[in-house]
Amino acid sequence: MTTLSPENSLSARQSASFILVKRKPPIDKTEWDSFFDENGHLAKSRDFICVNILERGLHPFVRTEAWKFLTGYFSWQSSQDERLTVDSTRRKNYKALCEMYEKIQPLLENLHRNFIETRNNITHDIQKLYDKDPLGNVLIDKKRLEKILLLSYVCNTQAEYQQGFHEMVMLFQLMVEHDHETFWLFQFFLQKTEHSCVLNIGVGKNLDMLSTLITFLDPVFAEHLKGKGAGAVQSLFPWFCLCFQPAFKSFDDVWRLWEVLLSGKPCRNFQVLVAYSMLQMVREQVLQESMGGDDILLACNNLIDLDADELISAACVVYAELIQKDVPQILKDFFL
């Protein structure tokens, strides 16, 4: 067991309280531009910006540029001229990848059965997407979306295509203008979150740590989950695979949570604290009705139309509680 320092405890309490009072307005374009000097170098620290993103969020007009820093598309140390060069290079690299894919596509179709199966899954998933808003305006280009997903699958040997990636890429397509931006933002997002949302890399670890966290903070609930609710926690893998996207009431809520996860604030692996906070929303119902695994999963799947700020605040409160306790080393290593 290790007790965390008073400095970290203070930081946790500050993080936990930021939304419990009235939240300041999100970072707008004027303020974002003030973070840079005349050459486009950051005049504020990365930590300062990330803390403000946690506490306040980003205005939609800022999100496109800010996410390029958060994902690693742009370096935090770059100048404006360097970023123009990087963007041009990424555009050219994307074009080269598209040309390569066109050349090897027949070979993939003939020699790799997994490619045909994955392409069919991508096509099927995309066709289920709503591509228009309530007024009938077209939101996304399904053909462009399919191309980006196929290219991502071919280029990404570790993060195989999984159901839900089509919805993630759609959110990036809605955020930016060009296909090369959508493609590279998604690649960098996967790299940043592979230990939380990629099924064959990090999801299992997240589920194990969620179980450990429940055992430490809520032993009564943990006992029920290990008994009658056996298997319920392991069945929550879609939360991590989709980065909680289906639980929110709007795209803005999804982007709000994702940018906090990308910021690394208030701690590493914050997604597990988010999942714990969501489980706490159904805790009383589960215990009162003595629910089994399937019913617990159904109750969790019924968590929809959530508010991102309220969920982030709840997860920060859990972090504040955790950091003030005599924390097992396994949890300290995972979160701090």
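The lining of the second largest pocket divides into four nonpolar, six polar and two charged residues. Here Ala, Val, Leu, Ile, Met, Phe, Trp, Tyr, Cys and Pro count as nonpolar, Asp, Glu, Lys and Arg as charged, and the others, Gly among them, as polar. The model is predicted: local features need pLDDT of at least 70, side-chain atom pairs count only at pLDDT 80 or more, and totals for chains, interfaces and linings use all residues. Residues are numbered from 1 along each chain as its sequence is written, and side-chain values use heavy atoms, with hydrogens and water left out.

Stay with this pocket. Its volume is about 260 Å³. Among its lining residues are Lys192, His195, Leu261, Cys267 and Phe270. Helix 9, helix 13 and helix 14 each supply at least two lining residues. Helix 9 gives the most, with four. Helices (H or I, at least four residues) are DSSP runs, numbered from the N terminus, as are strands (E, at least two).

How is such a space found? Rolling a probe the size of a water molecule over the atoms shows where empty space is left. On a 1 Å grid over the protein atoms alone, a pocket is an open set of points where a 1.4 Å probe fits, with protein on both sides within 12 Å along at least five of seven lines; lining residues have an atom within 4 Å of a point. Grid points are joined across faces, edges and corners, and a volume is the space filled by probe spheres set on the points.

Now turn to the largest pocket. It holds about 410 Å³ of space. Its lining has 17 residues, and Tyr130, Glu167, Met170, Gln245 and Phe251 lie nearest its centre. Helix 8 (165-175) and helix 13 are the elements that give two or more residues to this lining. The largest share, three residues, comes from helix 8. By class, the lining has nine nonpolar, three polar and five charged residues.

Next come the aromatic rings. Rings of Phe, Tyr and Trp (its six-membered ring) pair if their centres lie within 6.5 Å; planes under 30 degrees apart count as stacked, over 60 as edge-to-face and the rest as tilted. The count comes to 25 aromatic pairs. Take tryptophan 67 and phenylalanine 189: their ring centres are 6.4 Å apart and their planes at 15°, so the pair is stacked. Tryptophan 67 lies in helix 4 (residues 60-71) and phenylalanine 189 in helix 9 (residues 179-197), so the pair ties together parts 122 residues apart in sequence. Both residues are buried (under 20% relative accessible area; exposed is over 50%, partly exposed in between, with a 1.4 Å probe and protein chains only).

Ring pairs also link a cluster that includes Phe48 and Tyr73. Charges sit over both of these rings. The charged end of lysine 44 is 5.0 Å from the ring centre of phenylalanine 48, and arginine 90 lies over the face of tyrosine 73, at 5.1 Å. The rule asks for NZ of Lys or CZ of Arg within 6 Å of the ring centre and within 35 degrees of the ring normal.

Last, the backbone. Most residues other than glycine have a negative phi, and most peptide bonds are trans. Phenylalanine 244 has a positive phi near 70°. It is found in the loop between helix 12 (237-241) and helix 13. Serine 290 has a positive phi near 50°. A cis peptide bond joins lysine 265 and proline 266.
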